[in-house]
Amino acid sequence: MGADRVFAYGAAAGLLGDLLLGDPRRGHPVAAFGRAAAAVERGLWRDDRGRGAVHTAVCVGGAVTLAGLAVGAVRRSPAASVALTGVATWAVVGGTSLAREARAVGQALQAGDVEAARARLPHLCGRDPQALDADGIARAVVESVAENTSDAVVGALVWGAVAGVPGLVGFRAVNTLDAMVGHRSPRYLRYGWASARLDDVAGWPGARLTAVLAALTGPDPRGAVRAWRADAAKHPSPNAGPVEASFAGALGVRLGGTLSYGGRVEHRPVLNGGGRPVAVTDIDRAVRLSRRVGWLALAAGVAARRVLKGRDR
């Protein structure tokens, strides 16, 4: 069985497993990686970019190496290779958890329980919930669904299509490290620089594919393209900008504006300024769009692998 079919069958099984099972409550491989990365940090940390670069290389390189060894161990068995790809895909994507947490916040808002929505929001994103009213919480959820569609689903599938299981695992390692040390706090401004830059590079293709697919499958394709072209570059993140702008235009809503992280207030540019304010019902619309984008990203990855295989002949 060729590598293209191994990826197609395994990644489809992994996405289906995520849909049916979600993330494991205990013993998640990503959590184990996080603990290992934290242990490496304890031994390496200095307020220095070089130390941070070593941390990134050790953690990402170690994860990719282990994935490569696992692939080598099952190479002779097509069934085992498909199973390994399926397990790896299920472990690194997080579409079901993303949808579940977003809808939980939406249900609390629909019930008028803003405090419950604030208590649930940290499961989804790093905003300061006490600084947000109901409308601000709804906007934060839609923005998080958009960004994490790329980070938690599409980006992993893109790199899985490129490099198989090592690509899946490597992307999740990079993305997890960025979440751990890539933010601009005093402790990580220099130490986390390498992780943040590597995440920007690794996330670039998945973010653009996410934006394209959101435009193609959203309720307003022209609005998505228009918002992407006009507003994506205004966002401080080179990858979140296209994704959030495309989702905003596709859904016809206005994203961006003032937000708060860790007590630090940021005034971000408005995305799709001609759209309406986010409503609670837009949370479920964003989740449905995210689901469509994820499955289409798998189809795109499978098609790309088949094309590449045809060129190699």
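My question concerns R103: is R103 buried, partly exposed or exposed?

Author: The model is a predicted one. R103 is partly exposed, because its relative accessible area is 32%, and a residue counts as buried only under 20% and as exposed only over 50%.

R103 lies in helix α5, which covers residues 95-110. Helix α5 has 16 residues and spans 22 Å from its first C-alpha to its last, close to the 22 Å expected at 1.5 Å a residue. The helix is mostly covered, with 12 of its 16 residues buried. After α5 comes G112, which has a positive phi, near 80 degrees.

The side chain of R103 takes part in a salt bridge with that of D284, at 2.7 Å from N to O. This pair connects distant parts of the chain, since D284 belongs to helix α11 (residues 281-312) and the two residues are 181 residues apart. D284 is likewise partly exposed, because its relative accessibility is 29%. The contact is also part of a network of salt bridges that links R103, D284 and R288. In the whole structure, a search finds 12 salt bridges.

Two further salt bridges join residues within one helix. R139 and E143 form a salt bridge whose closest N and O atoms are 3.3 Å apart. These two residues are 4 residues apart in helix α7, so about one helical turn separates them. Both R139 and E143 are buried. R197 and D200 form another salt bridge, with the closest N and O atoms 3.1 Å apart. They are 3 residues apart in helix α8 (residues 193-217), and therefore also about one helical turn apart. R197 is partly exposed, at 34% relative accessibility.

The largest nonpolar core has 67 residues, of which I137 and V141 touch the most other members. Helix α7 (residues 134-181) gives the most to this core, with 20 residues.

Terms used. Residues are numbered from 1 along each chain as its sequence is written. This is a predicted model: local features need pLDDT of at least 70, side-chain atom pairs count only at pLDDT 80 or more; totals for chains, interfaces and linings use all residues. Side-chain values use heavy atoms; hydrogens and water are left out. A nonpolar core is a set of buried Ala, Val, Leu, Ile, Met, Phe, Trp, Tyr and Cys residues joined through side-chain atoms within 4.5 Å. Buried means under 20% relative accessible area, exposed over 50%, partly exposed in between (1.4 Å probe, protein chains only). The expected span of a helix is 1.5 Å times one less than its number of residues. A salt bridge is a side-chain nitrogen of Lys or Arg within 4 Å of a carboxyl oxygen of Asp or Glu.
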